[in-house]
Amino acid sequence: MNVVLWVLQAILSIKLLSAAFTHGLRHGQAEMEQGIEQMGPVARPVLMATALLLLLSSVSVVAPAVFNVPRWLVPLAAVVLGGMMLVSIALHVNCREEPHVFVSIILFVIAASVAYGRWFLLPL
């Protein structure tokens, strides 16, 4: 079970690093313009804040394996990521971006699994 949780943590970290890149650096792309227009003038600051939170959380999910950090950081980061994925689902539904909704749902399930697994089943 420990190996499964570490694999889920690695998958979550890698995917969220790529999401931080796309939300933080590539929000001028044509594929994101429709959603940015629908969100209005707050879209760009929200995307930058999202990118920063994704970056910090994705590093926090795997940090105990790499750095000497407190072990309680992993389930806390997974809970934060789960909450962010719920907000992401709502925003993607609002912007009618169906493929992104499914990715957010999968990432929410992974984040919730990591949070539950690291808090209750196999704490670090």
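At what angle do helix α4 (residues 73–94) and α5 pack? Let's find out in the close-ups below, which come from a predicted model in which local features need pLDDT of at least 70 and side-chain atom pairs count only at pLDDT 80 or more, while totals for chains, interfaces and linings use all residues. Residues are numbered from 1 along each chain as its sequence is written, and side-chain values use heavy atoms, leaving out hydrogens and water.

**View 1. Helices α4 and α5 pack at an angle of about 160°.** Their axes (lines fitted to C-alpha atoms, for helices over the stretch in contact, with angles from 0 to 180 degrees between N-to-C directions) lie 8 Å apart. The two helices are therefore roughly antiparallel, a label for angles over 145 degrees. The crossing of α4 past α5 is left-handed, meaning that the near helix is turned anticlockwise from the far one by less than a right angle. Their contact involves 18 nonpolar residues, five polar ones and one charged one. Here Ala, Val, Leu, Ile, Met, Phe, Trp, Tyr, Cys and Pro count as nonpolar, Asp, Glu, Lys and Arg as charged, and the others, Gly among them, as polar.

**View 2. Arg-118 sits in helix α5 (residues 98–121).** Helices are DSSP runs of H or I with at least four residues, numbered from the N terminus. Is Arg-118 buried or exposed? Arg-118 is buried, because its relative accessible area is 3%; buried means under 20%, with a 1.4 Å probe and protein chains only. Its side chain makes a polar contact of 2.8 Å with that of Gln-9. Such a contact is a pair of N or O atoms within 3.5 Å; within protein, one must be able to donate a hydrogen and the other to accept it, and residues adjacent in sequence count only if both atoms are side-chain atoms. Setting aside neighbours within four places in sequence, the residues in contact with Arg-118 (heavy atoms within 4.5 Å) include Trp-6, Val-74 and Leu-124.

**View 3. Helix α1 (residues 2–25) crosses helix α3 (residues 43–66) at roughly 155°.** Their axes come within 8 Å. That angle makes α1 roughly antiparallel to α3. The contact between α1 and α3 divides into 15 nonpolar, six polar and no charged residues. Among the residues that meet are Trp-6 and Gln-9 in α1, and Leu-47 and Met-48 in α3.

**View 4. Met-39 belongs to helix α2 (residues 30–39).** The C-alpha atoms of Met-39 and Leu-124 are 39 Å apart, and 85 residues separate the two along the chain.

Definitions and conventions. Buried means under 20% relative accessible area, exposed over 50%, partly exposed in between (1.4 Å probe, protein chains only). Angles under 35 degrees count as roughly parallel, over 145 as roughly antiparallel, 65 to 115 as roughly perpendicular and the rest as oblique.
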